[in-house]
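User: I am new to this structure and would like to go through it step by step. Could you open it, please?
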Amino acid sequence: MPEHVRAELPGLANRFDTFVFDLDGVVYRGKRALPHAVEVLNLLLDSGRQVFYLTNNSGHTREEYAARLQALGVPAHPEQFITSAWATALYLQRALPAGARLFVVGEAGLKEELQAAGFTLVESVEPQIPDAVVVGIDRNFTYARLAQAQYAILNGARFVATNADATYPAEDRLMPGAGALVAAVAAATERRPVVIGKPNPQILQPFIDRGVIQPERTLLVGDRLDTDIALANTLHIPCALVLTGVSTREDVECAPLEQLPQWVLNHLGELLGDAVDSLLVHPVP
Ligand SMILES: [Mg+2]
């Protein structure tokens, strides 16, 4: 174990010194923290483990995610958050000239990350076609913006999607995700986007290349087989599916090999194994 690990932990948690958690369906659903998530995250941090958060949700900035976790009672800073919005900005910095013009179907968090990366956001695709159309979650999506995105792509703009999740888990139901909007743009243009978010390994590769994340000493915890678990398996990162979000135990039974997790947890408390009842404030009934 590296120096930053200060204490032993029970169960599966002790085998790893770095954890990468998905957010929606793993740490919280809507505004509610999921069972034991706050206690487990605090235990991991107190024991000196590195904790990162990896989300395909492009609606918020890393600063906003850090504030959200702090409000739930988990110490957090923006550098711990890897978002598809931020990863999209990094990708476009490599793919396009500085100051390139973007038409964005997305929310404030995505727009802020792209502006912070030096891009010019345009509200109209005419008369000058933008360099790229970027599509993320947009809860104010309209036919008019779909038509603008279509026109720009059909006239030469690149088509980039923050992620392709068709759904995301809200408090009491599944809601349409960015993937549903990406599908609309793809249908209208008959083009396929470059998808930046999970399961594209590019979203984590820079952290592995810099040695910040060492795959064999890291556990990735997610709620979706087709994004979280598929990504972990591509990068040879041990992974656990937690059943508090989208994918179910039945999904695991018929999943393709590349989407099979090593562990399936009913809730995050099970990272602590048999000690879960004595360590957590609210034992599972
Ligand atoms: Mg999720």
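User: What is the handedness of the crossing of α5 and α6?
Analyst: The crossing of α5 and α6 is right-handed, that is, the near helix is turned clockwise from the far one by less than a right angle. Helices here are DSSP runs of H or I with at least four residues, strands are runs of E with at least two, and both are numbered from the N terminus. Please note that this is a predicted model, in which local features need pLDDT of at least 70 and side-chain atom pairs count only at pLDDT 80 or more, while totals for chains, interfaces and linings use all residues. Residues are numbered from 1 along each chain as its sequence is written.

User: At what angle do the axes of α5 and α6 cross?
Analyst: At roughly 50°, with the axes of α5 (residues 143-154) and α6 (residues 178-189) coming within 9 Å. The axes are lines fitted to C-alpha atoms over the stretch in contact, and angles run from 0 to 180 degrees between N-to-C directions. The angle makes α5 oblique to α6, because under 35 degrees counts as roughly parallel, over 145 as roughly antiparallel, 65 to 115 as roughly perpendicular and the rest as oblique.

User: Which residues make the contact?
Analyst: From α5 they are L146, A149, Q150, I153 and L154, and from α6 they are A184, V185, A188 and T189. Contact requires C-beta atoms, placed from the backbone, within 7 Å. By class, 7 of these residues are nonpolar, 2 polar and none charged (Ala, Val, Leu, Ile, Met, Phe, Trp, Tyr, Cys and Pro are nonpolar; Asp, Glu, Lys and Arg charged; the others, Gly among them, polar).

User: Now N155: is this residue buried or exposed?
Analyst: N155 counts as exposed, because it has 11 C-beta neighbours inside 10 Å. The cut-offs within 10 Å are 20 or more other C-beta atoms for buried, 12 or fewer for exposed, and partly exposed in between. N155 is placed in the loop between α5 and β9 (158-161).

User: And K198, buried or exposed?
Analyst: K198 is buried, with 30 other C-beta atoms within 10 Å. This residue is in the loop between β12 (194-195) and α7 (205-209). Leaving out residues up to four places away in sequence, K198 touches L54, N56, N163, I203, T227, D228 and L231.

User: Into which domains is the protein divided?
Analyst: Domain 1 covers 11-56 + 199-279 and domain 2 covers 85-195, with bounds from an automatic or database domain assignment.

Conventions:
Contact = placed C-beta atoms within 7 Å.
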